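Good morning, colleagues. May I ask you to look at the structure on the screen while I take you through a few of its parts.

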Amino acid sequence: MTRNELIAANLAWWDERAALHAGSAFYRVDELINGESALDSFEIEELPNEVGNSLLHLQCHIGTDTISWARRGFQVTGVDFSAPALAQARRIAQACGITATWSVSDVYNAPDVLGRQFDVVYTGKGALTWLDDLRSWAQVVNQLLNPGGYLYLVEFHPITWILPEDNWTIANDYFTDGQPYIETDPGGSYAAPDEVTHSNITAEWQHTVGEIISCIAGAGLTIEWFHEYDYTHFAQNSLLERSSNGRRYRLPRGMPRLPLLYSLRARKPG
Ligand SMILES: C[S@@+](CC[C@H](N)C(=O)[O-])C[C@H]1O[C@@H](n2cnc3c(N)ncnc32)[C@H](O)[C@@H]1O
């Protein structure tokens, strides 16, 4: 498959799942409408609203995190290449009484499509793996930031790619050669596993910690810190135990702990 065909397959995959995800228990849309935040408490601590006013959420999907940032006081803009995802985001924001701007764009075209800069660029869990060119992504982030603005990145830790889904022995290479992992899913998704879907091919690109950090620094941003967490936000593996509030998943006590999520904050020189 050509790159365009892979991206088109990914877009079809996400388009078909937007409404399914908006109706899924995973995305907790009713709870969001009732005032719950989609953000983890560590995200709220790591990005206080004193850092700026305007926040751009790249790959915002159905907008649950974007809306939660708006509730923290930011003026939010959400970008995604899936128009059906943004249709759901618009509907959910209205139900939440939140004002937001939603813009359909591929990440790489976002500076041209938006034509402006922001105090914060946020990108959240499950985003980078859909991008084949992290160097261009980091340059896009740099272009989208006001001088002195912040990149805030929260992602699943790449260490988890080397482990299979059913038992955590090392199964896959950590290092990659830049080729995509092309998969044909049985159907559904992480949020809607029992749904019947027709667009089931995905192409994902894994990125090592070294590549992520080097691309961000290489684009001219100053990295302030990189944090790692021993919990994650979905049942990535059958061993993981769900916390009592249903938001975090950890390895059982007694098992060696691994980093499952990370966050990073970087600043554009002022
Ligand atoms: C797992 S979601 C991440 C968002 C958020 N953490 C969440 O779970 O709601 C990934 C999003 O990336 C979007 N996406 C994938 N490739 C993209 C691209 N090249 N440009 C813009 N959006 C893209 C998809 O449409 C999807 O909404």
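Let me begin with a term: two strands are said to pair if DSSP finds at least two bridges between them. Please note also that what you see is a predicted model.

With that term in hand, consider β9 and strand β11, residues 249–250: they run antiparallel and are joined by 2 bridges. Within this pairing, T232 stands opposite Y249 of β11. The open sheet they belong to has 3 strands, ordered β9-β11-β10, with antiparallel pairing. Its edge strands are β9 (231–232) and β10 (241–242), each of which pairs on one side only.

How many residues does the largest nonpolar core have? It has 35, and those with the most contacts inside it are L47, L55, I67, W69, F74, I92 and Y152. Several elements each supply at least two residues of this core, including α1 (3–22), α5 (83–96) and β5 (145–156). The largest share, 6 residues, comes from α5. Another core, of 27 residues, lies apart from it; W137, L145, Y262 and A266 are among its members.

Finally, the ligand. Around it are 17 residues, of which Y27, H61, D80, V107 and K125 come nearest. A polar side-chain atom of D80 is 2.5 Å from a ligand oxygen atom, while a polar backbone atom of F81 lies 3.3 Å from a ligand nitrogen atom. Alone, the ligand exposes 590 Å², and the protein buries 95% of that.

Conventions:
Residues are numbered from 1 along each chain as its sequence is written. This is a predicted model: local features need pLDDT of at least 70, side-chain atom pairs count only at pLDDT 80 or more; totals for chains, interfaces and linings use all residues. Side-chain values use heavy atoms; hydrogens and water are left out. A nonpolar core is a set of buried Ala, Val, Leu, Ile, Met, Phe, Trp, Tyr and Cys residues joined through side-chain atoms within 4.5 Å. Buried means under 20% relative accessible area, exposed over 50%, partly exposed in between (1.4 Å probe, protein chains only). Helices (H or I, at least four residues) and strands (E, at least two) are DSSP runs, numbered from the N terminus. A residue is near a molecule or strand if one of its heavy atoms lies within 4 Å of it. A polar contact is a pair of N or O atoms within 3.5 Å; within protein, one must be able to donate a hydrogen and the other to accept it, and residues adjacent in sequence count only if both atoms are side-chain atoms. Accessible areas come from the Shrake-Rupley method with a 1.4 Å probe; for residues, only the protein chains shown count as cover.
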